[in-house]
Amino acid sequence: MAELRVFYPEIKENFSKFLKVDDTHTIYYEESGNPNGVPVVFFHGGPGCGTSPTCRRYFDTEFYRIILFDQRGSGKSTPHACLKDNDTWHIIEDIEKIRKELNIDKWLVFGGSWGSTLALCYAIKHPECVTGLVLRGIFLGRREDIVWIYEKGGASNVHPEVFERYESIIPQEERHDMIRAYYKRLTSDDKKTREVAAKEWSMWEGNLVTLYPDPNLEQSFGEINYAISMATIECHFWMNNMFWEDDNWILNNVDVIKDIPTWIAHGRYDMDCRVVGAYELSKKLNNCNLDIVISGHSSGEPAIVDSLIRATDKFREVLK
């Protein structure tokens, strides 16, 4: 059995910048790796999670020019957790502003979880700018994908004791629509109400993402600033059906990118984003490698890291 690939060594950014994209939002972005290398852009999950230095480590830094950015309201972008004009299409406009500011014609697009959703939407809108796609934990954003995670009868059947805690802050009469009930609290005028809802939403999802229990769950998913941006922005997107009119928008528009080289890494036991979505997507792509590995959802799980780094190394050979 081949040895699993592991993260590339830690590196510092070459530079970072804040880009004012409209009257409200300022977007943080950075470059690391080879300034003259092949460009790759990293789309983080959530929406609302932001990036971290670890996100640079999926790439050979001598070959790739690595661009990370925090989406609206996320990470270092400001205002924190802001919902105004925070939607799929405005984020895609931000991505294009970053690409043009950096004088990049085309780039490899890398995204996981919600980042895979955004990557697919971006590629469909701007196929001429995409040299390839590396995707992890496919989330197609359909109502069935959202309901699976946040309403009773999906992931709750696998993690019933954790779902009970997630459900416990919502009165019985509101539990028929957990997303709406949480949205009411996440957008409350009362700070304590918002914080309690954000933490419980974040902790519920945090319990789903790893194959084995995460001993650092409280520290990572329970950190209040992270929880507020992730929970508030996620719930905002789910309440608005990703800001598209067609529930199956990605699969119904995917034909335009069917020949773009694509690598999909997906955990067989992913409780957050079901493997069936990755399978359905792969069937509509002509140039796709679907790598179903023994793991959960998290981008840091060994089998997922191995698959993603094999993917970026493969593209290194294709794009050089």
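Residues are numbered from 1 along each chain as its sequence is written, and side-chain values use heavy atoms, with hydrogens and water left out. Because the model is predicted, local features need pLDDT of at least 70 and side-chain atom pairs count only at pLDDT 80 or more, whereas totals for chains, interfaces and linings use all residues.

The largest pocket has a volume of about 940 Å³. A pocket is an open set of points on a 1 Å grid over the protein atoms alone, where a 1.4 Å probe fits, with protein on both sides within 12 Å along at least five of seven lines; lining residues have an atom within 4 Å of a point. The volume is the space filled by probe spheres set on the points, which are joined across faces, edges and corners. The lining comprises 36 residues, of which Cys-49, Ser-52, Phe-221, Tyr-226 and Ser-299 lie nearest the centre of the pocket. By class, twelve are nonpolar, 18 polar and six charged. At least three lining residues come from each of domain 1 (13-141 + 245-319) and domain 2 (144-242), the bounds being those of an automatic or database domain assignment.

The second largest pocket holds about 190 Å³ of space. Two or more residues of its lining are given by each of α4 (160-168) and α6 (191-208), where helices are DSSP runs (H or I, at least four residues) and strands likewise (E, at least two), numbered from the N terminus. The largest contribution, three residues, is that of α6.

Asn-86 lies in the loop between β4 (64-69) and α1 (88-101). Its relative accessibility is 1%, so Asn-86 counts as buried (buried, under 20% relative accessible area; exposed, over 50%; partly exposed, in between; 1.4 Å probe, protein chains only). Beyond neighbours within four places in sequence, its contacts (heavy atoms within 4.5 Å) include Arg-72, His-236 and Phe-243.

Salt bridges (a side-chain nitrogen of Lys or Arg within 4 Å of a carboxyl oxygen of Asp or Glu) number 26. Glu-101 and Lys-17 are paired at 2.9 Å, N to O; Glu-101 belongs to helix α1 and Lys-17 to strand β1 (residues 15-20), 84 residues apart. Glu-280 and Arg-142 form a salt bridge at 2.8 Å, N to O. Glu-280 lies in helix α10 (residues 275-282) and Arg-142 in the loop between β6 (130-136) and α3 (143-150), so this pair ties together parts 138 residues apart in sequence. Glu-280 is partly exposed, at 29%, whereas Arg-142 is buried, at 4%.

Note on methods. Ala, Val, Leu, Ile, Met, Phe, Trp, Tyr, Cys and Pro count as nonpolar, Asp, Glu, Lys and Arg as charged, and the others, Gly among them, as polar.
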